[in-house]
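Try each task before you read its solution.

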Amino acid sequence: MIDPLAASLKISSSGLRVQSQRMRIVSENLANVQSTGDTPGANPYQRKTITFKSEVDRALGANLVEVKSVGTDKGDYRIEFDPSHPAADENGNVKYPNVNTLLELADMREASRSYEAGLQMMVKSREMITRTIDLLRSR
């Protein structure tokens with residue numbers, strides 16, 4: 001049987017890993033919010049999505065979180081009329097990515113807060129392990 005404090009460190013670290021990947025995906029989406037296709041009428045960047053899954057670690061005896069998949073959002077592109085743009089089609093319409101900045105910022109804030117919570121769990125677990133060792137030494 002594994003030590004519950006060591007298990008809490010592994011559980012927290014799995015959460016940190018997935019939230020870090022989530023922030024990377026959101027950052028990529030935000031970086032491409034104004035990108036367009038290479039040629040007139042071409043499809044621009046598609047918003048990326050990330051999904052998680054719970055995976056049982058039998059040796060640990062606990063559920064860990066992992067990235068299930070990174071996919072693309074099949075939503076409609078944002079279309080704006082700008083005939084002077086190099087990526088405008090024959091009607092003067094430009095396709096922009098299906099990225100909603102407000103949604104991405106909210107997702108980034110949630111991922112950041114989840115990351116901070118996982119980090120605090122690791123700090124507290126480490127403190128408890130250190131205190132346990134100190135108690136054992138004082139005997």
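**Exercise 1.** Decide whether alanine 111 is buried or exposed in this predicted model.

*Solution.* Begin with the relative accessibility of alanine 111, which is 0%. The cut-off for buried is under 20%. Alanine 111 therefore counts as buried.

**Exercise 2.** Find the element that holds alanine 111, and the residues that alanine 111 touches beyond four places away in sequence.

*Solution.* First, locate the element: alanine 111 sits in helix 2, which covers residues 101-137. Next, leave out residues up to four places away in sequence; alanine 111 then touches Gln19, Arg22 and Met23.

**Exercise 3.** Work out the order of the elements in the protein chain.

*Solution.* Start with the count, which is two helices and four strands. Then read from the N terminus: the order is α-β-β-β-β-α.

**Exercise 4.** Compare the radius of gyration of the protein chain with that of a compact globule of 139 residues.

*Solution.* The globule would have a value near 14 Å, whereas the protein chain has 22 Å. Now look at the box filled by the C-alpha atoms: along the principal axes, the box is roughly 80 × 25 × 20 Å. Buried residues are 25% of the 139 in the protein chain. Of the contacts with a separation of 6 or more, 61% join residues 24 or more positions apart.

Definitions and conventions
Residues numbered from 1 in each chain as written. Predicted model: local features only at pLDDT ≥ 70, side-chain atom pairs only at ≥ 80, totals over all residues. Heavy atoms only, no water. Rg over C-alpha atoms; globule rule 2.2 N^0.38 Å. Buried < 20%, exposed > 50% of the residue type's maximum accessible area, 1.4 Å probe, protein only. Contact = heavy atoms within 4.5 Å.
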